[in-house]
Amino acid sequence: MLKKLSKENMGKSNLGWLQSRFHFSFAEYRNPANVHFGVLRVLNDDIIKAKTGFDTHPHENMEIISYIVNGEITHKDSMGNSETLKRGEIQYLSAGDGIFHSEKNDSNVDLRLLQIWVFPPQKGLPRLYASHRYKEEERVNKLLNIVSSQDGSSAIKIYQDVDIYVSEANKGKVFDYEIKENRQVYFVQIEGKSLLNNSVILDFGDACEITKESILKIEALEKSHFLFIDMKK
């Protein structure tokens, strides 16, 4: 079953320096019928204006993944990590029993990123930080596994049992992805347009909940940039 989620029906926020589209209840967007999808708790599509950003703030017992779409993000945290990441690159933070961090756009252009929060399998896990500078050629017309569980093979490994894939596909490119038993997928159309399972068209900003399916067929209807999260039911 494929359930399309149109960007027009998502939560929205405009603070001037920050524009956000909320896939699930977050901040001032409250929807009791849309709090999470499986272990996926937050997916925010954020645009952060130049020379602004999130000041130092705390997190705990959440696994936080940032995928940079355009621009640059500069991360600093209470574990001593500090770095700047660009398009297609990714950072991961397991907040464990508590961590402080800041996320800033110190550049002169807008930053767009997907902010993804995943419930950890248990509370109080050791704090972790990781990042990876994936290259464009790794995802062009390929499904690139950017995040996996500790047992997986991705360069970024988190505690929870999830796999995250991205691709930048040229028009006409088709992927057939196997969804294993007792798994489900949350799909995000970042840029461009895709056709899923010959039945659902997603435009940029749209999403889709995919359940009770064994195959996910993805066809790029134009140059298409997408991300999806494979997780247990």
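Residue classes come first: Ala, Val, Leu, Ile, Met, Phe, Trp, Tyr, Cys and Pro count as nonpolar, Asp, Glu, Lys and Arg as charged, and the others, Gly among them, as polar. By these classes, the lining of the largest pocket has 12 nonpolar, nine polar and three charged residues. This is a predicted model, where local features need pLDDT of at least 70 and side-chain atom pairs count only at pLDDT 80 or more, while totals for chains, interfaces and linings use all residues. Residues are numbered from 1 along each chain as its sequence is written, and side-chain values use heavy atoms, with hydrogens and water left out.

Now the spaces themselves. Rolling a probe the size of a water molecule over the atoms shows where empty space is left. The search runs on a 1 Å grid over the protein atoms alone. A cavity is a set of points where a 1.4 Å probe fits but cannot get out. A pocket is an open set with protein on both sides within 12 Å along at least five of seven lines. Lining residues have an atom within 4 Å of a point. Grid points are joined across faces, edges and corners, and a volume is the space filled by probe spheres set on the points.

The largest pocket holds about 250 Å³ of space. Its lining counts 24 residues, and Phe 26, Asp 46, Phe 54, Gln 115 and Trp 117 are the closest to its centre. Strands here are DSSP runs (E, at least two residues), numbered from the N terminus. Several give two or more residues to this lining, among them strand 4 (40-48), strand 5 (52-59) and strand 11 (111-118).

The second largest pocket has about 200 Å³. It is lined by 13 residues, with Lys 3, Leu 5, His 23, Asn 31 and Asn 34 the closest to its centre. Strand 1 (residues 2-5) gives the most to this lining, with three residues. By class, the lining has four nonpolar, six polar and three charged residues.

Two strands pair if DSSP finds at least two bridges between them. Seven strands form an open sheet in the order 1-20-17-22-15-13-14, with mixed pairing. Strand 1 and strand 14 (157-158) are the edge strands, each pairing on one side only. Inside the order, strand 17 (residues 183-191) and strand 20 (residues 207-210) run antiparallel and are joined by four bridges. Tyr 186 stands opposite Glu 209 in strand 20.

A nonpolar core is a set of buried Ala, Val, Leu, Ile, Met, Phe, Trp, Tyr and Cys residues joined through side-chain atoms within 4.5 Å. Buried means under 20% relative accessible area, exposed over 50%, and partly exposed in between (1.4 Å probe, protein chains only). The largest core has 31 residues; Leu 43, Ile 65, Ile 146, Val 147, Tyr 186, Leu 227 and Ile 229 touch the most other members. Strands that each supply at least two residues of this core include strand 4, strand 13, strand 17 and strand 22 (224-232). A second, separate core of 18 residues includes Val 185, Phe 187, Val 200 and Ile 218.

Asn 44, found in strand 4, counts as buried because its relative accessibility is 1%. Its contacts (heavy atoms within 4.5 Å) include Phe 26 and Gln 115, leaving aside neighbours within four places in sequence. Arg 139 lies in the loop between strand 12 and strand 13. Arg 139 is buried because its relative accessibility is 3%.

The loop of Arg 139 also holds Asn 141. Asn 141 is partly exposed, at 25% relative accessible area. Its C-alpha atom is separated by 6.8 Å from that of Lys 173, 32 residues apart along the chain. Most residues other than glycine have a negative phi, and most peptide bonds are trans. Asn 141 has a positive phi near 60°. Ala 27 has a positive phi too, near 50°. Ala 27 sits in the loop between strand 3 and strand 4, and counts as partly exposed at 38% relative accessibility.
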